[in-house]
Amino acid sequence: MNKALEMVLITGMSGSGKSVALHALEDAGYYCVDNLPPELLTSFVALERQHGESKVAIAMDVRSATSLPLVPKQLEQLRAQGVAMQSLFLDASTDTLVRRFSETRRLHPLSRIDASDQNRALVDAIELERELLGDMREQAHVLDTSMIRSSQLQSYVKSLISAPTKQLTLVFQSFAFKRGIPLDADYVFDVRMLPNPHYESGLRELTGKDEAVASYLRSHAEVGEMFTDIQTFINRWLKALIRDHRSYVTVAVGCTGGQHRSVYLVEALAVSFGRSWQTLKRHRELDAR
């Protein structure tokens with residue numbers, strides 16, 4: 001009898017951090033393969049099962065664009081064979097990707113070398129890549145790497161793969177609107193209209209994790225109302241999300257600086273839903289410190 005196999009498939013935009021994610025999985029004990037041609041996926045998994053591997057991670061990207069349409073059916077076959085599957089798609093804003101390619105002076109896999117305007121050619125290549133990978137993105141859990149460091153990405157990947165694959169995981173994330181809305185959010189809640197501890201001198205340097213800030217926010221009825229409204233909305237749609245075979249749902253809560261209000265609400269929501277559901281929490285701005 002074949003040994004149960006855990007498999008993580010990493011796809012995403014060129015320059016989004018797939019190599020970093022693969023290194024995180026290697027550190028977590030996965031046997032990792034980069035840029036595996038989709039045609040070899042099922043035979044590779046069969047071989048690794050014969051070798052007794054229990055954890056494998058595979059990265060695929062746009063270099064295999066012509067055969068990527070094969071992947072969804074292959075994943076269905078592997079799941080039917082009992083493989084515990086997780087799919088992660090790494091994304092980043094076009095501006096971020098352009099900056100990263102410019103800094104490293106790497107050539108995008110789809111870039112035209114002979115283009116007269118290399119910057120325009122790079123943007124066009126990135127947009128073409130988004131189109132080619134659109135179906136893969138729809139079927140995976142998305143991680144937005146635009147505003148996070150390599151160490152954050154490694155931490156996020158490790159936390160995701162530690163969550164049970166057969167149970168819906170709720171990911172609560174705080175962020176600052178001034179630094180952009182996370183691309184990986186399934187739902188976004190704007191809490192900038194709530195009382196802001198930033199304007200209280202004794203609270204300005206603290207965060208939503210600190211009791212003094214939490215006490216201040218709990219003292220305002222509208223903060224409690226916002227918490228209840230978000231909680232009610234999520235509870236209302238959880239059954240539908242499960243029927244849609246979702247493995248992860250990312251709920252992003254944003255305020256101006258991503259330090260007080262959004263952090264407090266993410267902490268509170270994670271505690272509330274953590275009583276009945278698998279939950280993860282991230283603080284995009286705080287985690288970057």
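Author: In this predicted model, the protein chain has 11 helices and 9 strands. The C-alpha trace spans about 60 × 55 × 30 Å along its principal axes. For 289 residues, a compact globule would have a radius of gyration near 19 Å, and the 21 Å of the protein chain agrees with that. Of the 289 residues, 49% are buried. Take the contacts between residues at least 6 apart in sequence: 79% of them join residues at least 24 apart.

The pair to look at is α9 and α10. Helix α9 covers residues 221-243 and helix α10 covers residues 261-274. Two packed helices are described by the angle between their axes and the distance between those axes. Here the angle is about 45° and the axes are 11 Å apart. The angle therefore makes α9 oblique to α10. The crossing of the two helices is right-handed.

From α9, the contact draws on V223, M226, F227, I230, Q231, I234, N235 and L238. From α10, the residues that take part are Y264, L265, A268, L269, S272 and F273. Sorted by class, this contact has 11 nonpolar residues, 3 polar ones and no charged ones.

A second pair, α2 and α3, can be set beside the first. Helix α2 takes in residues 41-50 and helix α3 takes in residues 71-80. Their axes come within 10 Å and cross at roughly 25°. An angle under 35 degrees counts as roughly parallel, so α2 is roughly parallel to α3. The crossing of α2 and α3 is right-handed. On the α2 side the contact uses L41, T42 and V45, which meet Q74, L75, Q77 and L78 of α3. By class these residues divide into 4 nonpolar, 3 polar and no charged.

R99 lies in helix α4, residues 94-104. Its relative accessibility is 40%, so R99 counts as partly exposed. Between the C-alpha atoms of R99 and V56 the separation is 32 Å, and these two residues are 43 apart along the chain.

Conventions: Residues are numbered from 1 along each chain as its sequence is written. This is a predicted model: local features need pLDDT of at least 70, side-chain atom pairs count only at pLDDT 80 or more; totals for chains, interfaces and linings use all residues. Side-chain values use heavy atoms; hydrogens and water are left out. Axes are lines fitted to C-alpha atoms, for helices over the stretch in contact, and angles run from 0 to 180 degrees between N-to-C directions. Helices (H or I, at least four residues) and strands (E, at least two) are DSSP runs, numbered from the N terminus. Angles under 35 degrees count as roughly parallel, over 145 as roughly antiparallel, 65 to 115 as roughly perpendicular and the rest as oblique. A crossing is left-handed if the near helix is turned anticlockwise from the far one by less than a right angle, and right-handed if clockwise. Contact means heavy atoms within 4.5 Å. Ala, Val, Leu, Ile, Met, Phe, Trp, Tyr, Cys and Pro count as nonpolar, Asp, Glu, Lys and Arg as charged, and the others, Gly among them, as polar. Buried means under 20% relative accessible area, exposed over 50%, partly exposed in between (1.4 Å probe, protein chains only). The radius of gyration is taken over C-alpha atoms; the globule rule is 2.2 Å times the number of residues to the power 0.38.
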